[in-house]
Amino acid sequence: MYTVIGKASNRGLRVLWMLEELGQDYTHINDGPHSETVRKHSILGKVPVLLDGDEAIRDSSAILTYLADKHGALTAPAGTIARGQQDAVTHMILDDIEALLWMAARHSFILPEDERVPEIRPALRREFARNIDKFAKVFAKNGGPFVMGGEMTITDILAGHCLNWAANAKFAVEDEALLAYGARMREREAFKRAAAR
């Protein structure tokens with residue numbers, strides 16, 4: 001059985017959601033970053049951490065990829081063109097959308113107050129607006145109802161999480177198709193179960 005260390009209020013939600021989609025049993029340790037439990041398994045003190053037996057995997061996107069490959073679900077098969085395309089969109093989400101949200105969070109409440117640069121937020125919002133428009137084009141090109149087309153993949157967990165994060169951080173998403181997609185993702189039973197933790 002798996003153990004997830006992390007909160008549903010941060011990137012831990014991604015792993016909880018993935019395990020719920022996969023129908024896998026798991027134990028959830030609701031600890032935040034830098035807790036004693038986290039530090040036993042993550043030298044950087046970051047969450048989430050997935051324990052598979054005695055082995056730890058850190059980083060939510062690495063965990064999602066591991067689980068998808070291990071269970072042969074929510075992913076295109078490794079070594080296929082479809083997987084390469086999926087990975088490209090996954091990295092687009094991480095590099096061009098999540099990175100901006102993370103930088104905004106760091107300069108809002110994560111960094112010590114004397115290290116924060118609140119003036120960076122308008123620039124981050126402008127870049128986010130450009131990048132979310134590009135992502136909306138990728139979404140439209142793939143034809144939905146999921147990011148990669150007809151089947152849900154780990155890119156949907158990442159995209160759904162980032163769309164929620166953007167709303168909470170007041171980073172505007174104006175594309176109607178993306179807004180409707182985000183709402184559909186939040187209505188998934190697996191998402192609801194994970195978020196309730």
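Visitor: In this predicted model, which residue forms a salt bridge with Glu98?

Guide: The closest N and O atoms of the pair are 2.8 Å apart in this predicted model, and a salt bridge requires a side-chain nitrogen of Lys or Arg within 4 Å of a carboxyl oxygen of Asp or Glu. The pair links distant parts of the chain, with Glu98 in helix H4 (residues 81–110) and its partner in the loop between strand S1 (2–5) and H1, 87 residues apart. Both residues are buried, and the partner of Glu98 is Arg11.

Visitor: Which residues are linked with Glu98 in a network of salt bridges?

Guide: Arg14 lies in H1, where this residue is buried, and Arg11 is buried as well. Together with Glu98, the residues linked in the network are Arg11 and Arg14.

Visitor: Is Arg83, the salt-bridge partner of Asp69, buried or exposed?

Guide: The side chains of Asp69 and Arg83 meet at 2.8 Å, N to O. Asp69, at 39% relative accessibility, counts as partly exposed, whereas Arg83 has a relative accessibility of 8%. Buried means under 20% relative accessible area, and Arg83 therefore counts as buried.

Visitor: By about how many helical turns are Glu189 and Lys192 separated?

Guide: The side chains of Glu189 and Lys192 meet in a salt bridge at 3.6 Å, N to O. Glu189 is partly exposed, with a relative accessible area of 48%, and Lys192 is partly exposed at 36%. Because they are three residues apart in helix H8 (residues 189–195), the separation is about one helical turn.

How values were computed
Residues are numbered from 1 along each chain as its sequence is written. This is a predicted model: local features need pLDDT of at least 70, side-chain atom pairs count only at pLDDT 80 or more; totals for chains, interfaces and linings use all residues. Side-chain values use heavy atoms; hydrogens and water are left out. Buried means under 20% relative accessible area, exposed over 50%, partly exposed in between (1.4 Å probe, protein chains only). Helices (H or I, at least four residues) and strands (E, at least two) are DSSP runs, numbered from the N terminus.
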